[in-house]
Amino acid sequence: MTEFECKRCGKCCEAVCMRFLTEEDFDRIMRWLEQEENWGKTVAIATIENMPGYYSFGLPASCTQYDHVTKQCKIYEARPSMCREYPNGPLAIRFSGRRALEQCPEFGG
Ligand code: SF4
Ligand code: SF4
């Protein structure tokens with residue numbers, strides 16, 4: 001089996017799907033926002049009904065943290081764990097990952 005090699009094309013960030021954040025992700029993003037260089041930046045995070053302890057960037061859509069012009073993640077240093085683990089990791093596989101994986105060139109997308 002060949003090792004997965006991310007091409008950094010951004011298609012998984014552009015894919016219409018949910019991004020799930022854990023409490024740890026939430027705290028990391030809050031700490032990131034508190035850093036002086038990030039003062040003035042905002043990140044909209046929503047709670048999820050019937051999923052205590054999990055958050056999202058909102059409804060299924062292209063990721064709200066993706067800059068479509070620069071094709072960069074706006075919160076890269078603080079990105080959620082599912083993005084760090086992608087395409088592996090339980091959150092990526094069970095929830096958003098499947099739809100995003102279909103777009104991934106490494107998986108024939
Ligand atoms: S948080 Fe960043 S890395 Fe994760 S899907 Fe959004 S833009 Fe991509
Ligand atoms: S779609 Fe696949 S190759 Fe492109 S950035 Fe995402 S994981 Fe990497």
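These questions and answers walk through a predicted model of one chain and its two ligands.

Me: How many helices and strands are in the chain?
Reply: From the N terminus on, the elements run α-β-α-β-β-β-β-α-α-α. The count for the chain is 5 helices and 5 strands.

Me: What percentage of the residues of the chain count as buried?
Reply: The chain has 109 residues. To count as buried, a residue needs 20 or more other C-beta atoms within 10 Å of its own. The buried share is 24%.

Me: What share of the contacts with a separation of 6 or more comes from residues 24 or more positions apart?
Reply: The count takes in contacts in the chain with a separation of 6 or more. Residues 24 or more positions apart account for 60%.

Me: How many residues of the shell around ligand 1 are nonpolar?
Reply: The surrounding residues include Cys-13, Cys-63, Cys-73 and Cys-83. Arg-19 and Arg-79 are also there. The shell holds 2 charged residues and 1 polar one. The nonpolar residues number 7.

Me: Which residues come nearest to ligand 2?
Reply: There are 13 residues around ligand 2. This shell divides into 7 nonpolar, 2 polar and 4 charged. Nearest come Cys-6, Cys-9, Lys-11, Cys-12 and Cys-104.

Me: Is Glu-14 buried, exposed or partly exposed?
Reply: Glu-14 is found in helix H1. Beyond four places away in sequence, Glu-14 touches Ser-62 and Tyr-66. Because it has 16 C-beta neighbours inside 10 Å, Glu-14 counts as partly exposed.

Me: How far apart in space are Glu-14 and Gln-65?
Reply: Gln-65 is one of the residues surrounding ligand 1. In sequence, Glu-14 and Gln-65 are 51 residues apart. C-alpha to C-alpha, the distance is 9.8 Å.

Me: What separates the C-alpha atoms of Arg-8 and Lys-71?
Reply: Arg-8 is found in the segment before H1. With 9 C-beta neighbours inside 10 Å, Arg-8 counts as exposed. Its phi is near 55 degrees, a positive value in a residue other than glycine. Lys-71 is 63 residues away along the chain, yet the C-alpha separation is 9.1 Å.

Me: What is the phi of Asn-50?
Reply: Asn-50 is found in the loop between E2 and E3. Asn-50 is exposed, because 5 other C-beta atoms lie within 10 Å. Asn-50 is not a glycine, but its phi is positive, at about 65 degrees.

How values were computed: Residues are numbered from 1 along each chain as its sequence is written. Chains are lettered from A and ligands numbered from 1 in the order in which they are written. This is a predicted model: local features need pLDDT of at least 70, side-chain atom pairs count only at pLDDT 80 or more; totals for chains, interfaces and linings use all residues. A residue is near a molecule or strand if its C-beta atom, placed from the backbone, lies within 6 Å of it. Ala, Val, Leu, Ile, Met, Phe, Trp, Tyr, Cys and Pro count as nonpolar, Asp, Glu, Lys and Arg as charged, and the others, Gly among them, as polar. Helices (H or I, at least four residues) and strands (E, at least two) are DSSP runs, numbered from the N terminus. A residue is buried if 20 or more other C-beta atoms lie within 10 Å of its own, exposed if 12 or fewer, and partly exposed in between; C-beta atoms are placed from the backbone. Two residues are in contact if their C-beta atoms, placed from the backbone, lie within 7 Å.
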